[in-house]
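These are my notebook entries on a structure that I looked through element by element. The sequence and model come first, and the entries follow.

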Amino acid sequence: MDWIKIWTFFFFLSLALFACLSIVVTIGGFFNIRSLFKDLSAARQKAERSPAGDDEKQR
Amino acid sequence: MDIDFTSLGFGTNFSILDWCIVIGYLIAIVSIGVYIRKYIASATDFMVAGRGLKTFLAIATMIGTELGLVTVMYSSQKGFTGGFAAFHIAFAAAIVTLFVGITGFIVVPLRRLKVMTIPEFYEVRFGRDIRILGGIILALSGILNMGMFLKAGSLFVTGVTGMTSEFHLKIVMTVLLCMVLLYTTLGGMVSVAILDYIQFVVLSFSLLFASVMSIRHLGWGNIVDTVTREMGQSGFNPFDEAGFGWSYVLWMFFMGLVSCAVWQTAVIRACSAKSTGIVRRIYMLSSVGFLIRFLIPYFFGICALVFIANNPTLKGIFLSADGKANSDLSLTAMPFYLSQILPAGFIGIISAGMLAAFMSTHDSYLLCWSSVLTQDVVAPWFKKDLSSNARLLLTRIFIVAIGIFILVWGLWYPLEQDLWDYMAISGAIYSIGGFALLAFGLYWKRASRAGAYLALIAGFLALLGLSKVQQLCSPLLDPIKKRFEIEGDIPSAIIGLTVLALAIVLMIVGSLLLPDKKQIMNSLETQE
């Protein structure tokens, strides 16, 4: 088994995959953050309107 | 380890510009973390971001946490000492994470149960006392596991900046820890998720760029030739017993599973995800991240070896006459190498990314272990439920207490083995028992409390994998070493695998001999 060839192929393929993933996650993550803040703001406003709702049931 | 590389003609490329980049970056991310505080309304927001993380942000935060500076440090050390053969660890991590993503093994049922921590599952499945014992073991193992984080991080700082004074090292460690404590105690999981995202972006692109720079600087052919010359076949073949060997490869597959499906800091991401479908997607896509978080640092370690081995002065310092790496110096080889080949300006960006990674890992781990102590060790003792505010306060107190502990431990504990092996074994104290409880608890109806107790306690034997503990237990271990003709320490992989097998056997035997009177599995299925 030629380990040098295996690791060379494995390394460059992984770098390429990671480069693609980085671009996708960077763009997608940005939109996810915007959506998270919207959800949290909405939840906060809801909690302020109903002070009894302390938190979801704690186990 | 006070070696003045500047006087040897190896001054760092780290300049005033780089200091400005690092300081500006760190101030910016801490400010963001503090600003995000206004979005925290409850303990659930604080601990699992209101379970509102969507796919890409969850992937970024998962990789952001796992691709920490400590990971980069211990992985580069493995690359430096093990050569290309160390790539098998990255391969194992990717394959196992992909397997978990495809099958949903452990993480999907956990997300369905809506638990925040793994010991919370222990209570649902095995009872409250198992939750408390499991919580104590998990927190103990986790805190011990992160005990060397500060030391590794500070070695990076000194290596890359060319600082040689121990005093400077301690100051840097303390300042960094204070910054982490500040924004972790204020922002919780929301700030962790956002900062992990920023760190993911900075670090992933700078690591890719540094990899390309390394190949251009050293040449791929030269890298392969030097590893062949210095290590021979064991530098490439992971099964070669002169290097890693079969047992180590097997142990790494188990550690890969633990890292993504049993280790609380990764599982908390699954618990934070919006749905079980997202959990699967996170794991499938994160398999590339789990691969790369090891692979690129291994490559940097290999490049450091090539850089050092081709320079007689440096070779004399870092490598002994038989070509073996000095364990203390091998940790600093990678930052030293980066300080030599990266240009001013870029080295500041990558250092800022690494330090952000250092802080990101710390915040996630601090949050994780403090949550476990609050939710699983303290809260179950109260008959009446603790209020959300009391839990938040307790979590913050634990964060500060753990921070102080790791500062003291990092300065005091003498690391006498590869950092990765220390991490694997300290983590195994929990993860071996934890794996048995999760796998059997979720998928085997007859798993009982007695089996769970035995498996959790068996995990403690993994401590024998630490060099220091082996030295303390030498009267007990020497006959075993003699019997199996082992010179030096018993390999941590052998100990880990043996303890794992023992925990599984005890779980099965304990469950069969002492079954639970009440069938808890039915109530668990009802909750799902």
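**Entry 1: chain totals**

What percentage of the 59 residues of chain A count as buried? I found 20% of them buried, where buried requires 20 or more other C-beta atoms within 10 Å of a residue's own, exposed 12 or fewer, and partly exposed the range in between, with C-beta atoms placed from the backbone. I note that this is a predicted model, in which local features need pLDDT of at least 70 and side-chain atom pairs count only at pLDDT 80 or more, while totals for chains, interfaces and linings use all residues. Residues are numbered from 1 along each chain as its sequence is written, and chains are lettered from A and ligands numbered from 1 in the order in which they are written.

I counted one helix and zero strands in chain A; helices (H or I, at least four residues) and strands (E, at least two) are DSSP runs numbered from the N terminus. For chain B I recorded 24 helices and zero strands. Of the 528 residues in chain B, 59% are buried. I then looked up contacts (C-beta atoms, placed from the backbone, within 7 Å). In chain B, 86% of the contacts with a separation of 6 or more join residues 24 or more positions apart.

**Entry 2: α9 of chain B**

I checked the length of helix α9 (residues 149–161) of chain B. Its 13 residues should span 18 Å at 1.5 Å a residue, and the end C-alpha atoms are 18 Å apart, so the two agree; the expected span is 1.5 Å times one less than the number of residues. I found 13 of the 13 residues of α9(B) buried. Just after α9(B), B:Gly162 has a positive phi of about 85°.

**Entry 3: α17 against α18**

I took up helix α17 (residues 346–378) and helix α18 (residues 388–412) of chain B, whose axes come within 8 Å and cross at roughly 125°. Axes are lines fitted to C-alpha atoms, for helices over the stretch in contact, and angles run from 0 to 180 degrees between N-to-C directions. α17(B) is therefore oblique to α18(B); angles under 35 degrees count as roughly parallel, over 145 as roughly antiparallel, 65 to 115 as roughly perpendicular and the rest as oblique. I recorded the crossing of α17(B) and α18(B) as right-handed, that is, the near helix is turned clockwise from the far one by less than a right angle. Among the contact residues are B:Trp369 and B:Leu373 of α17(B) and B:Phe398 and B:Ile402 of α18(B). By class I noted nine nonpolar, five polar and one charged residues in this contact; Ala, Val, Leu, Ile, Met, Phe, Trp, Tyr, Cys and Pro count as nonpolar, Asp, Glu, Lys and Arg as charged, and the others, Gly among them, as polar.

Why do I describe helix α20 (residues 449–458) of chain B as largely enclosed by the rest of the structure? Eight of its ten residues are buried, including B:Arg449, B:Tyr453 and B:Leu456.

I found α19 (residues 419–443) and α23 (residues 492–513) of chain B packed at about 20°, with axes 10 Å apart. α19(B) is thus roughly parallel to α23(B). Their contact includes B:Ala428 and B:Phe440 of α19(B) and B:Leu500 and B:Met507 of α23(B). It has eleven nonpolar, three polar and one charged residues.

For α7(B) and α8(B) I recorded an angle of about 155° and axes 7 Å apart. α7(B) is thus roughly antiparallel to α8(B). Among the residues in contact are B:Glu120 and B:Glu123 of α7(B) and B:Arg128 and B:Arg131 of α8(B). This contact divides into six nonpolar, two polar and four charged residues.

**Entry 4: single residues**

I looked up two residues other than glycine with positive phi. B:Ile106, with phi near 70°, lies in the loop between α5 (87–103) and α6 (107–112) of chain B. Is B:Ile106 buried or exposed? I found B:Ile106 buried, because 24 other C-beta atoms lie within 10 Å. B:Glu485 has a phi of about 50° and lies in the loop between α22 (474–483) and α23 of chain B. B:Glu485 counts as exposed, with 6 C-beta neighbours inside 10 Å.

How values were computed: Two residues are in contact if their C-beta atoms, placed from the backbone, lie within 7 Å.
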